[in-house]
Number of protein chains: 2
Amino acid sequence: MQIAILLYDGFTALDAVGPYEVLSRLPGAEVRFVAVEPGPKTTETHMLSLVADHAIEDVPSPEILLVPGGFGTRRLLGDEQVLGWIRRAHETSQWTTSVCTGSLLLGAAGVLNGLRATSHWVSPERLREFGAEPTLERVVEQGKVVTAAGVSSGIDMALVLVSRIAGDQVAQAIQLSIEYDPQPPFDAGSPAKAPKEIVELVRILAEQAEEAELAQPAEPGR
Amino acid sequence: MQIAILLYDGFTALDAVGPYEVLSRLPGAEVRFVAVEPGPKTTETHMLSLVADHAIEDVPSPEILLVPGGFGTRRLLGDEQVLGWIRRAHETSQWTTSVCTGSLLLGAAGVLNGLRATSHWVSPERLREFGAEPTLERVVEQGKVVTAAGVSSGIDMALVLVSRIAGDQVAQAIQLSIEYDPQPPFDAGSPAKAPKEIVELVRILAEQAEEAELAQPAEPGR
């Protein structure tokens, strides 16, 4: 089963690597990290690069398409090369998926029109401009289109996908192999649970960080 | 605060990227991915490479040292260049940490002698040969030495570290920013919780996968 994960400068590493760690363990999985131009793609922190080994044009019809989020999505919202690839891959995919603000790219490609969809909790409303109905659920299944909420939610989404594709036992085996028995030291992982002042702080910091990222010129090779 | 994350061929991506995603958001964090020879390092699935931008010799005294696991650890257990770097970095570090079988490298470097430590649940007993007392707890703090269990546990460990370094509010803010409100579709993430037949299956598959990995010759550049 061919799985394409889109990379671009300014993506969030865990958005991509969480689902990769689950989906790569699916029997017969062939994960391909793809980009407009192959090569190292740098995360939004500029402290880590993952390598896209393949060009998007060389992976036109993956069975699973996964679009991670990150501030860099905003630079791609009008990029017809990327959006066209998503649109065409979606025509033949078995699953079209996103993590975090990756759903903005699915939306811009027209995939979410009329569907419920999720994104990072800071900015779900942006999905409306693409005809989607925003929700803050962690994993949203709409037929073959599956969107996940912020960053770490891609792990949960990928386990749901595996259970749909290969059954509950395979999903449980993969959960066990990555020892995904979460024990966060706090119960502050959603805006409904975190202290109110922390929710406001994170919202402000996220908006500032996005502005700082977008103030930088687009890098060559996307 | 300088944070060094060791990369090598045959590491597990989420072991490194889970903690990176948390620790890189610590105010003032400077995360450096390091390797014996800088360049792309390939995960144990051979489907993804992360770039080590720095040589270990150029990052001799990070405040936080983090060693991820993966089958490739086994090839490094006698590698004095790597073990010596860990040993010397540990002398001046504020925190010396590992995820999954990364604890085997801390052990081989002599860091775990006399300490309780954890690893992936398939093989905790291997820690005994390094004088450590194995446990299956998810995050084990022994002074400045902190070990985490399999793969995904590095996220929990990193949040614990942030709370120690910068306080509970910063840790909660980071947890919220990565929306770490885990909702796995199954409760099968530890050998105590998963169905017994799945525990045995994963154990056998892990042993087979390790043998297959180690049957391959070591790659140049580690």
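Some conventions come before the structure. Residues are numbered from 1 along each chain as its sequence is written, and chains are lettered from A and ligands numbered from 1 in the order in which they are written. Because the model is predicted, local features need pLDDT of at least 70 and side-chain atom pairs count only at pLDDT 80 or more, while totals for chains, interfaces and linings use all residues.

I begin with the sheet of chain B. Chain B has an open sheet of 7 strands in the order β5-β2-β1-β6-β7-β11-β10, with mixed pairing. Strands here are DSSP runs of E of at least two residues, helices are runs of H or I of at least four, and both are numbered from the N terminus. Two strands pair if DSSP finds at least two bridges between them. At the edges of the sheet stand β5 (54-55) and β10 (139-142) of chain B, each of which pairs on one side only.

Let us look at β7 of chain B, residues 95-99. On one side, β6(B) and β7(B) pair in the parallel sense over 4 bridges, and B:Leu65 stands opposite B:Thr96. β7(B) is also joined to β11(B), residues 145-148, by 4 bridges, and these two strands run parallel. Within that pairing, B:Ser98 stands opposite B:Thr147, and the bridge partner of B:Thr97 is B:Val146.

How many residues of β7(B) are buried? The count is 5 of the 5, so the strand is largely enclosed by the rest of the structure. A residue is called buried if 20 or more other C-beta atoms lie within 10 Å of its own, exposed if 12 or fewer do, and partly exposed in between, with C-beta atoms placed from the backbone. In a regular strand the side chains alternate between the two faces of the sheet. In β7(B), B:Trp95, B:Thr97 and B:Val99 lie on one side and B:Thr96 and B:Ser98 on the other, and all are buried.

β10(B) and β11(B) pair in the antiparallel sense over 4 bridges, with B:Val140 opposite B:Thr147. These two strands form a hairpin with 2 residues between them, and B:Gly143 in the turn has a positive phi of about 60°.

I turn to helix α1 of chain B, residues 13-23. This helix lies across β1 (2-6), β2 (30-35), β6 (64-67) and β7 of chain B, running at about 170° to β1(B). Contact means that the C-beta atoms of two residues, placed from the backbone, lie within 7 Å. The axes are lines fitted to C-alpha atoms, for helices over the stretch in contact, and angles run from 0 to 180 degrees between N-to-C directions. Of the residues of α1(B), 11 of the 11 are buried, so the helix is largely enclosed by the rest of the structure. Among them are B:Asp15 and B:Glu21.

In the loop between β1 and α1 of chain A lies A:Leu7. A:Leu7 is buried, with 29 other C-beta atoms within 10 Å. Leaving aside residues up to four places away in sequence, A:Leu7 touches A:Ala16, A:Phe33, A:Val34, A:Ala35, A:Lys41, A:Leu50 and A:Ala52.

Finally, the contact between the chains. In total, 58 residues of chain A are in contact with 57 residues of chain B. The largest share of the side of chain A that touches chain B, 8 residues, comes from α6(A). That side divides into 35 nonpolar, 16 polar and 7 charged residues; Ala, Val, Leu, Ile, Met, Phe, Trp, Tyr, Cys and Pro count as nonpolar, Asp, Glu, Lys and Arg as charged, and the others, Gly among them, as polar.

Which helix of chain A do the buried residues of α7(B) pack against? They pack against α6 of chain A. The buried residues of α7(B) are B:Ile198, B:Val199 and B:Val202. They cover an arc of only 100° around the axis, which puts them on the same side of α7(B); the arc is that of the directions from the helix axis to the C-beta atoms. On the other side of α7(B), the exposed residues include B:Lys196, B:Glu200 and B:Glu207.
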